[in-house]
Amino acid sequence: MSDQRVPILMYHSVAAEPSRATRALSVTPEAFARQMERIAETGRTPVTTAELARSWREGTPLPERPVLITFDDGYEGVHRHALPVLARHGFVSTLFVSTGWIRGAHDTGGGLDTMLDWDQIRALAEAGAEIGGHSHTHPQLDQLDDETLRSELVHCREIIADELGGFPVSFAYPYGYSSRRVRRMVRETGYRQSLAVGNGLARRRQGPYALRRVTVRRSTGAEEFERLLRGRGIALHFAGDRALTKGYAMVRRARQVRGKAIRSRV
């Protein structure tokens, strides 16, 4: 069990005509249906984020070929297009919501496309989706000061509890960005596990607050999807992403150091 590697699929929008801002990280309803069919054909069993983390924490058994289906942000197409497909297969999933992007009383207007409302999220939860946190306004968490960071995490958690009747136990970092400080505060504010990106298979040794996922996007074809499930050629497939991420990380670190220097002079 210690060396078990599990694919955690990261989806965003499922839409035929997504917004320009979400297009690259969207999939068409037809592609999503084919991908779920492939999961079923290969005998894989979807589990939730909480189930995977609990197994690796407590030693409870997992299905022989587990896979995670996760959605970030909270786009309306997850209810309109993904839910019927998941229900047809009896698949569970995890939806990570940015509470300030969800339509309703807490909406800050920051959503990048048509977003879910709370009734739709409740319907997803009733159909077997775990609802996790994804911050309140979807910022780069590692760029925030401690007070703002804590507010983003706590506010998200409290809104989900108010709307759904229970606190979320799983979290996903917006943009995949975290740091030791962010991970510590995610743990301190009550989340028991969290997902990064990393574009690799999840392993127990990554720790419950840095589990990796693989990105499914509009350009992901059938052969590429198969490789993501099998964990073959992932490093080569996402080599360009890693180079861009590394370069941008250097820029963000420089901004963070500069920001700290400015705050210290104030």
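Is Arg181 buried or exposed? Arg181 is buried, with a relative accessible area of 19%; buried means under 20%, exposed over 50%, partly exposed in between (1.4 Å probe, protein chains only). This is a predicted model: local features need pLDDT of at least 70, side-chain atom pairs count only at pLDDT 80 or more, and totals for chains, interfaces and linings use all residues. Numbering runs from 1 along each chain as its sequence is written, and side-chain values use heavy atoms, without hydrogens or water.

**Confidence**
- The protein chain has a mean pLDDT of 90 (the predictor's confidence in each residue, from 0 to 100).
- Residues 242-259 fall below 50.

**Salt bridges**
- The count is eleven, taking a side-chain nitrogen of Lys or Arg within 4 Å of a carboxyl oxygen of Asp or Glu.
- Asp146 and Arg181 pair at 2.6 Å, N to O. Asp146 lies in helix α5 and Arg181 in helix α6, so the pair ties together parts 35 residues apart in sequence. Helices are DSSP runs (H or I, at least four residues), numbered from the N terminus.
- Asp146 is partly exposed at 41% relative accessibility.
- Arg150 and Glu188 pair at 3.3 Å, N to O.
- Glu226 and Arg230 pair at 2.8 Å, both within helix α7. Glu226 is buried at 14%; Arg230 is partly exposed at 38%.
- Shared partners join Arg38, Glu41, Glu226 and Arg230 into one network.

**Core**
- The largest nonpolar core has 47 residues, Ile39 and Phe71 among those with the most contacts inside it. Such a core is a set of buried Ala, Val, Leu, Ile, Met, Phe, Trp, Tyr and Cys residues joined through side-chain atoms within 4.5 Å.

Methods: Contact means heavy atoms within 4.5 Å. Helices (H or I, at least four residues) and strands (E, at least two) are DSSP runs, numbered from the N terminus.
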